[in-house]
Amino acid sequence: MQLNDKYGYIDPSGHFVIPCSYKQALDFSDGLAAVLDPSGKWGYINTAGNYILQPKYDRASAFNHREAIVGFRGKLMIIDPIGKKIREIVEQDEDAGRSR
């Protein structure tokens with residue numbers, strides 16, 4: 001839910017359950033939602049609005065099957081719901097694989 005350029009969450013009856021205090025907010029998935037805090041960093045909150053993963057990521061996706069893609073210190077990686085890196089994602093140069 002957006003209110004005055006801030007995002008929060010409402011329950012099915014339309015009552016606020018997590019106040020509008022985020023610059024951006026993704027839908028809940030696997031019990032967590034990625035939120036962009038006022039400092040411009042992404043973190044993950046639970047359905048009670050408590051940070052499970054503190055805001056430190058430059059980019060963030062929703063969790064899918066207990067994995068999310070985040071950007072951290074210039075690198076893309078896949079993390080689990082406790083923030084443990086599963087693997088790094090190597091972005092391929094668009095010229096990679098072409099004959100020279």
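**Close-up views of a predicted all-strand model**

**View 1. D37 sits in the loop between β5 (33-36) and β6 (42-45).** This is a predicted model, in which residues are numbered from 1 along each chain as its sequence is written, local features need pLDDT of at least 70, side-chain atom pairs count only at pLDDT 80 or more, and totals for chains, interfaces and linings use all residues. Side-chain values use heavy atoms, without hydrogens or water. Strands (E, at least two residues) and helices (H or I, at least four) are DSSP runs, numbered from the N terminus.

**View 2. D37 is buried but has no salt bridge.** Buried means under 20% relative accessible area, exposed over 50%, and partly exposed in between (1.4 Å probe, protein chains only). A salt bridge needs a side-chain nitrogen of Lys or Arg within 4 Å of a carboxyl oxygen of Asp or Glu. For D37, the nearest side chain of opposite charge is K23, 7.2 Å away. Lys and Arg count as positive, Asp and Glu as negative; His and the chain ends are not counted.

**View 3. The side chain of D37 makes a polar contact with the side chain of S39.** The distance is 2.7 Å. A polar contact is a pair of N or O atoms within 3.5 Å; within protein, one must be able to donate a hydrogen and the other to accept it, and residues adjacent in sequence count only if both atoms are side-chain atoms. Leaving aside neighbours within four places in sequence, D37 is in contact (heavy atoms within 4.5 Å) with K23, Y51 and P55.

**View 4. K41 and D58 form a salt bridge.** Their closest N and O atoms are 2.5 Å apart. K41 lies in the loop between β5 and β6, and D58 in the loop between β7 (51-57) and β8 (59-60), so the pair ties together parts 17 residues apart in sequence. K41 is partly exposed, at 30% relative accessibility. D58 is partly exposed too, at 37%.

**View 5. K85 pairs with E88 in a salt bridge.** Here the closest N and O atoms are 3.8 Å apart. K85 counts as partly exposed at 45% relative accessibility. E88 is also partly exposed, at 36%. The whole structure holds two salt bridges.

**View 6. The protein has 11 strands and zero helices.** Its radius of gyration, taken over C-alpha atoms, is 16 Å, well over the 13 Å that the globule rule (2.2 Å times the number of residues to the power 0.38) gives for 100 residues, so the protein is more spread out than a compact globule. The C-alpha trace spans about 60 × 25 × 25 Å along its principal axes. Buried residues make up 30% of the 100 residues.
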